[in-house]
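Morning, everyone. I have one structure to walk through today. Please look at the sequence and the model on the screen.

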Amino acid sequence: MIRKTLSASVLAALFVAAPAFAEEATIGRPIEAGSLHEGHLDMVVYYVPAEGDLLEVTATFAPKTGGGPQRVVMGLADGDSVAFSMPGHRGPLYAFSRSGEEVTVSSETGMRADANAPTRLADGSLRAGLASVGPM
């Protein structure tokens, strides 16, 4: 009986601790767009080649209940990933990652981003200040 209770408790703890991936979009070519519609925000994202080996990723977030859209522009090198939530909107954490010429964007519910968290680069180093956020 104790073993069944313990197993159920461990399973419940793992379920609560794991993020729920609500949506995901993968973009494989420049100017090809993807979209996510999680929570109170709709998002459209695309990339274009940038200086060096970077892909310039642009994500535009629009509140479903009105208000002005916000745009995030970031440079991603191969292997980079970053995650954040949008200012003023509790809810999903948006994760962006690059592998080769593909950029994958996902939204996770039940997690919060640290606005000061650095980005992990392909070489294992950390970089801060990767993205700029602002109104359109």
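Of the 136 residues of the protein, 30% count as buried; buried means under 20% relative accessible area, exposed over 50%, and partly exposed in between, with a 1.4 Å probe and protein chains only. This is a predicted model, so local features need pLDDT of at least 70, side-chain atom pairs count only at pLDDT 80 or more, and totals for chains, interfaces and linings use all residues. Residues are numbered from 1 along each chain as its sequence is written, and side-chain values use heavy atoms, with hydrogens and water left out.

Surface next. The accessible surface is about 8200 Å², and 58% of that belongs to carbon and sulfur atoms. Those areas come from the Shrake-Rupley method with a 1.4 Å probe; for residues, only the protein chains shown count as cover.

Now the fold. The protein has 1 helix and 11 strands. These are DSSP runs, numbered from the N terminus: H or I of at least four residues for helices, E of at least two for strands. Along the sequence, the pattern is α-β-β-β-β-β-β-β-β-β-β-β. Take contacts between residues at least 6 apart in sequence: 40% join residues at least 24 apart. Contact means heavy atoms within 4.5 Å.

Strand β6 spans residues 81–84. V82 and F84 make up its covered face, S81 and A83 its uncovered one. In a regular strand the side chains alternate between the two faces of the sheet.

What does β6 pair with? Strand β7, residues 93–99, in the antiparallel sense over 4 bridges. Two strands pair if DSSP finds at least two bridges between them. F84 has Y94 of β7 as its bridge partner. S81 stands opposite S97. β7 is mostly covered, with 5 of its 7 residues buried.

On to β8, residues 102–109. β7 and β8 pair in the antiparallel sense over 7 bridges.

A cavity is a set of points on a 1 Å grid over the protein atoms alone, where a 1.4 Å probe fits but cannot get out; lining residues have an atom within 4 Å of a point. Lining the largest cavity are L41, F61, P63, G68, P69, Q70, M86 and H89.

Methods. On a 1 Å grid over the protein atoms alone, a cavity is a set of points where a 1.4 Å probe fits but cannot get out, and a pocket is an open set with protein on both sides within 12 Å along at least five of seven lines; lining residues have an atom within 4 Å of a point.
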